[in-house]
Amino acid sequence: MSDAFYLPDPDRPDRYLSTELTRGPWSPDAQHAGPPSALLAHAIERCSPREGFQVGRVAVEILGPVPLAPLTVRAEVVRPGRSVELIRATLSADRGPVMTANAWRFKLAEPEVELPEAFLPTGARPGPEHAAEPAPFPSSQPVGFHTAIEYRFVTGSFDEPGPAICWIRLKHPVVAGTEPSPLERTMAAADSGNGVSAVLDWNRYLFINTDLTVTLHRQPVGEWVCLDAATYPQPHGIGLAESALFDEHGPLGRGTQTLLIGPR
């Protein structure tokens, strides 16, 4: 078994070999969207990096199933600016693009803005050490994303439909030979909002997200990212999953997913 989600291709710096740790719950041949979202973040952060800038939002569009196959990722600055710039990244398989991402990168305030203390984000969730032993992940695959992460529920569980608070930690690097960045950890975890807060039977229904938007007002500290998640399904087959994101120090931002709902 590999010790990373992706292995760099020694012959092409923009190409990565997908490992079985990227496998998702819906098909043995398709990736969970968390690892490729993190791979896009990996490329975005390395695209013309600028001192004193930080990514504040990443919007990922999932164009189709991401195969367990070699992937090419490219990123470019499409809207440069002195204070804010837009980076666009594309993830492609042999058949063409499978995911795209737009990321806004912001210049950090110097000196920092003086804010009234009453308006600073507060309210950390109970840490992972307070979580219960998790129920088994609802997947028939012996190896995949669910075996490459550690997850701990503070409230809810995979066996209990509805809103949940769940801590997630990557057990492996996103790209072999590198340390996962705070943004990579957040993107990988945030895509699990619809899973940890599922309201429908995994065996009867699909609730696949077509996108993932993560807005961060600060970068997480440490290895754990917390999702305070809720799913809002509709009978016509369109749903929304929304996650408030935290680390052990307090709020980080928000993650949202638009869901396609239907029978398996």
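Isoleucine 62 counts as buried, at 19% relative accessibility, because buried means under 20% relative accessible area. This residue belongs to a predicted model, and its place is in strand β3, which covers residues 53–62. Leaving aside neighbours within four places in sequence, isoleucine 62 is in contact with Ala33, Val98, Met99, Asn209, Thr210 and Asp211. In sequence, isoleucine 62 and leucine 212 are 150 residues apart, yet their C-alpha atoms are 8.1 Å apart in space.

Leucine 120 and proline 251 are separated by 131 residues in sequence and by 9.8 Å in space, C-alpha to C-alpha. Leucine 120 lies in the loop between β6 (96–107) and β7 (149–157). With a relative accessible area of 38%, leucine 120 is partly exposed, because that class lies between the limits of 20% for buried and 50% for exposed.

The two pairs can be set beside a figure for the protein chain. Of its contacts between residues at least 6 apart in sequence, 66% join residues at least 24 apart. The chain contains three helices and 13 strands. Its C-alpha atoms fill a box of roughly 50 × 50 × 35 Å along the principal axes. For 264 residues, a compact globule would have a radius of gyration near 18 Å, and the protein chain agrees with this, at 18 Å.

Burial can also be read for the chain. Of the 264 residues, 52% count as buried. The accessible surface comes to about 12600 Å², and 53% of it belongs to carbon and sulfur atoms.

Helix α2 comes next. It consists of residues 182–190, and eight of its nine residues are buried, so the helix is largely enclosed by the rest of the structure. Its buried residues are Leu183, Glu184, Arg185, Thr186, Met187, Ala188, Ala189 and Ala190.

The loop between β2 (12–18) and α1 (34–45) holds histidine 32, and glutamine 31 lies in this loop too. Histidine 32 is buried, with a relative accessible area of 10%. Glutamine 31 also counts as buried, at 9% relative accessibility.

What do the side chains of these two residues reach? The side chain of histidine 32 reaches the backbone nitrogen of glycine 34 at 2.8 Å. It also makes a polar contact of 3.4 Å with the side chain of aspartate 191. Apart from neighbours within four places in sequence, the residues in contact with histidine 32 are Thr22, Arg23, Gly24, Pro25, Phe145, Asp191 and Ser192.

The side chain of glutamine 31 makes a polar contact of 2.6 Å with the side chain of tyrosine 6. Another polar contact, of 2.9 Å, joins the side chains of glutamine 31 and serine 18. With neighbours within four places in sequence left aside, the contacts of glutamine 31 include Tyr6, Ser18, Pro36, Val66, Pro67, Leu68, Ala69 and Leu71.

Methods
Residues are numbered from 1 along each chain as its sequence is written. This is a predicted model: local features need pLDDT of at least 70, side-chain atom pairs count only at pLDDT 80 or more; totals for chains, interfaces and linings use all residues. Side-chain values use heavy atoms; hydrogens and water are left out. Helices (H or I, at least four residues) and strands (E, at least two) are DSSP runs, numbered from the N terminus. Buried means under 20% relative accessible area, exposed over 50%, partly exposed in between (1.4 Å probe, protein chains only). A polar contact is a pair of N or O atoms within 3.5 Å; within protein, one must be able to donate a hydrogen and the other to accept it, and residues adjacent in sequence count only if both atoms are side-chain atoms. Contact means heavy atoms within 4.5 Å. The radius of gyration is taken over C-alpha atoms; the globule rule is 2.2 Å times the number of residues to the power 0.38. Accessible areas come from the Shrake-Rupley method with a 1.4 Å probe; for residues, only the protein chains shown count as cover.
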